[in-house]
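Please look through the structure below. A set of questions and answers follows for a reader who has not seen it before.

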Amino acid sequence: MDFNQLIIGLAGVIASASPIVFAVTGETISERAGVINLSLNGVILLTAMAGFATAATTGSVLLGFLMGALIGAAVAFIIAFTSITLRQSQVAVGFVLTLMTRDLAYYLGSPFTGMSGPRVPSQPIPLLNEIPVLGPLFFSHNLVVYASLVLIIIAWLWMFRSYPGLVLRGVGEQPASAYMRGINVNRQRYLYTILGGAIVGLAGPAYSLSVKAGWQGTISGLDGIGWIALAITVFGGWHPLRAAFGAYLFAFLQWLSLVLQPVLTGIPSQALQVAPFPLMILALLLVNAGNTEWVRRRLAALPEKQRKRIGGILRALNVAPPAALGTNFRKE
Amino acid sequence: MPKSLLDVGSRLLGVILALVFTGLLLLATGAPPLEAFNQLIIGSVGSTRKIVDVIATAVPLLLVTAGLLMTFAAGLWNIGIEGQITVGAIFSTGLLRLLLDSQLPPGVIIALAIMAGALGGALWAALAGVLKIYGGVNEIFSGLGLNFVATTLTIWLIFGPWRRPGVGSMSGTEPFPPQFSLPQFGEFRVSLWAVLLSIAGIAFVFMVLRGTAVGLRLKALGKNSRASYILGILTARYTLIAFLLCGALAGIAGALQVTGVYHRLIPSISSGYGYLGLLVAMLVNYQVVWVVPVALFYAALIVGSIQLPIVLRIESSLAGVLQGALVLFVMIVEGIRQRWQEHTEGKQSGL
């Protein structure tokens with residue numbers, strides 16, 4: 001493989017990661033506010049189907065994406081209502097919805113299976129796409145990919161460089177303190193769960209109208225993506241930049257497994273395509289190990305110098321979830 | 001109104017709302033709702049053969065739900081159950097392949113294969129347990145990852161070391177000779193042994209949770225892990241026990257899919273029974289007594305939906321929508337009832 005092919009391959013990685021970027025960014029936002037949206041896997045399927053169906057019937061890809069965001073927001077609203085207002089388990093309702101929306105996608109999508117439809121056209125950015133390396137990597141995609149890149153930056157700025165972002169992190173971390181400071185915790189949680197859900201809802205159309213255009217029913221190959229996105233959110237330590245890195249890493253590994261396939265002939269392609277998962281678990285292990293009793297005790301027993309070094313590595317890797325993640329807030 | 005009656009009433013209302021929702025969905029897509037429901041009933045209990053199919057489908061569902069009640073009791077979300085079924089099936093296939101040419105009677109080999117399945121499932125579940133206890137990895141995320149790893153392992157085996165003579169295919173490994181299948185009940189496609197095993201599984205879980213110290217500690221752990229830790233319950237040990245028991249039951253379900261249903265290893269050997277078991281466990285509100293009827297009902301929906309595409313040209317995934325809607329609406333109605341009760345009780349005590 002020469003250098004040009006490598007650049008084209010990596011540009012493909014950036015494009016094919018764009019739906020996952022939408023999903024992990026949306027999920028990161030709602031989990032930061034303290035609400036787990038476990039419905040991703042089904043929602044991506046349902047929004048992929050509905051986005052494609054809308055675009056195919058109306059001819060407008062924009063309406064397809066709007067439909068995706070609307071459905072994502074509606075499902076997130078059900079989760080917010082059931083968990084925040086009715087105080088049922090977030091995980092339970094999210095899990096039910098993930099199965100239900102998947103089956104809804106297959107049920108409602110059957111008339112559209114295999115239909116040909118519109119696709120977001122490629123729009124290289126003039127001048128910028130002439131820059132060597134960076135041009136083909138970042139500036140010769142379609143609007144969906146650009147939007148995913150911009151979204152990462154906006155999410156990061158909003159979360160860590162703005163006052164509303166501070167409030168967002170506060171309601172997920174210390175809801176009681178946030179409440180004491182006059183913040184309506186549950187309203188904030190509703191807001192960010194629905195906003196996060198709407199962003200997740202863009203992931204489906206990003207597949208069916210851009211990366212893997214069309215709707216193929218049960219053989220669309222999208223079943224499982226949502227679960228991966230959930231794992232990447234944890235891997236990303238609830239940080240938009242780290243989460244996006246996780247999404248690109250995943251897409252890169254998938255691409256690598258395709259490239260290596262002719263070399264590693266003994267291994268079936270299906271196996272290679274799921275190869276990133278063991279790596280994901282390993283990564284989760286690394287980022288979480290520092291939080292356990294057992295590791296802390298072991299560390300305390302080590303000589304000073306070693307303890308500092310290993311402790312430092314673990315701390316650098318370590319991420320802690322928002323302290324109030326998955327819990328319901330009620331004022332006493 | 002007495003509390004238990006109110007409880008049953010609110011659940012019933014949830015069921016009715018789920019049926020109405022599904023009916024409206026059918027109407028919206030231009031399908032006749034009553035005819036569809038009718039087909040679901042005919043397709044599941046319309047003949048003796050269908051009823052037997054429902055029972056055969058309920059067997060793995062009962063086993064995984066029984067196992068999940070253990071992990072739910074301990075406050076664990078064992079979403080890795082799919083992988084535990086799969087690895088159970090892999091282990092039992094492996095043992096069958098190993099002993100295929102041995103002198104042992106086939107009955108003994110099948111029994112060993114089922115035990116191997118239990119072992120495989122338990123080991124896979126223990127992995128999630130160890131990752132949680134010693135790695136601080138939430139069992140939902142390790143479970144999801146391990147599910148994918150288990151599927152990968154299956155596909156690798158089917159296309160690699162265990163591939164059919166000639167070329168490997170998605171249809172699975174070479175079927176085992178008939179003497180290595182669980183004996184069928186007369187001419188029906190169900191094994192009495194499998195049915196007995198699933199009943200034994202549910203009875204075992206019922207007894208452990210109701211009448212043993214282990215069950216009590218599991219429940220204490222599930223209610224409040226911090227408090228039970230302070231009271232001297234070894235949280236790590238009981239977390240692991242819950243995972244091991246659940247994994248073993250899921251592994252048996254996987255082994256029965258190999259020895260009783262498919263007679264070989266196929267790529268999607270778990271058939272989604274693990275996720276369905278999670279739905280059943282939620283719908284019965286983690287109470288053992290309701291598991292059998294609800295699992296049978298869910299199995300009936302699966303069997304009944306098979307002929308929907310043929311008779312009415314409706315996607316069989318409609319059954320999945322109804323299965324999910326039932327849990328969702330019961331959960332919502334239950335939540336509203338709880339909030340309303342809190343509200344009225346709060347008023348009575350003058351708050």
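**Questions on a predicted model**

Q: Which exposed residues does the face of helix 2 of chain B turned away from its buried side carry?
A: This model is predicted. On the face of helix 2 of chain B that is turned away from the buried side, the residues that are exposed are Leu34(B) and Ile41(B).

Q: Within what arc do the buried residues of helix 2 of chain B fall, seen down its axis?
A: The buried residues of helix 2 of chain B are Ala36(B), Gln39(B), Leu40(B), Gly43(B) and Ser44(B). They line one face of the helix, because seen down its axis they fall within an arc of 115°.

Q: How far does helix 2 of chain B reach from its first C-alpha to its last?
A: Helix 2 of chain B covers residues 33-45, which makes 13 residues. At 1.5 Å a residue the expected reach is 18 Å, and the helix comes close to it, with a reach of 18 Å.

Q: Which helix of chain A gives the most to the side of chain A that touches chain B?
A: In the contact between the chains, 38 residues of chain A meet 37 residues of chain B. Helix 5 (90-109), helix 12 (225-235), helix 14 (269-273) and helix 15 (276-288) of chain A each supply at least two residues of the side that touches chain B. With 13 residues, the one that gives the most is helix 5 of chain A.

Q: How many nonpolar residues does the side of chain A that touches chain B have?
A: The side of chain A that touches chain B can be sorted by class. Seven of its residues are polar and two are charged, while the nonpolar residues number 29.

Q: Is Ile153(A) buried or exposed?
A: Ile153(A) has its place in helix 7 of chain A, residues 143-161. A residue needs 20 or more other C-beta atoms within 10 Å to be buried, and 12 or fewer make it exposed. Ile153(A) has 12 such atoms within 10 Å, so it is exposed.

Q: How far apart in space are Ile153(A) and Gly217(A), C-alpha to C-alpha?
A: In sequence, Ile153(A) and Gly217(A) are 64 residues apart. In space, from C-alpha to C-alpha, the distance is 34 Å.

Q: What radius of gyration does chain B have?
A: Chain B comes to 14 helices and zero strands, and its C-alpha atoms fill a box of roughly 75 × 60 × 35 Å along the principal axes. A compact globule of 351 residues would have a radius of gyration near 20 Å, and the value for chain B agrees with this: 22 Å.

Q: What percentage of the 332 residues in chain A do buried residues make up?
A: Chain A comes to 17 helices and zero strands. Its C-alpha trace spans about 60 × 50 × 45 Å along the principal axes. Of its 332 residues, the buried share is 47%.

Technical notes:
Residues numbered from 1 in each chain as written. Chains lettered and ligands numbered in written order. Predicted model: local features only at pLDDT ≥ 70, side-chain atom pairs only at ≥ 80, totals over all residues. Helix = DSSP H or I, 4+ residues; strand = E, 2+ residues; numbered from the N terminus. Expected span 1.5 Å × (residues − 1). Arc of directions from axis to C-beta. Contact = placed C-beta atoms within 7 Å. Nonpolar A, V, L, I, M, F, W, Y, C, P; charged D, E, K, R; others polar. Rg over C-alpha atoms; globule rule 2.2 N^0.38 Å.
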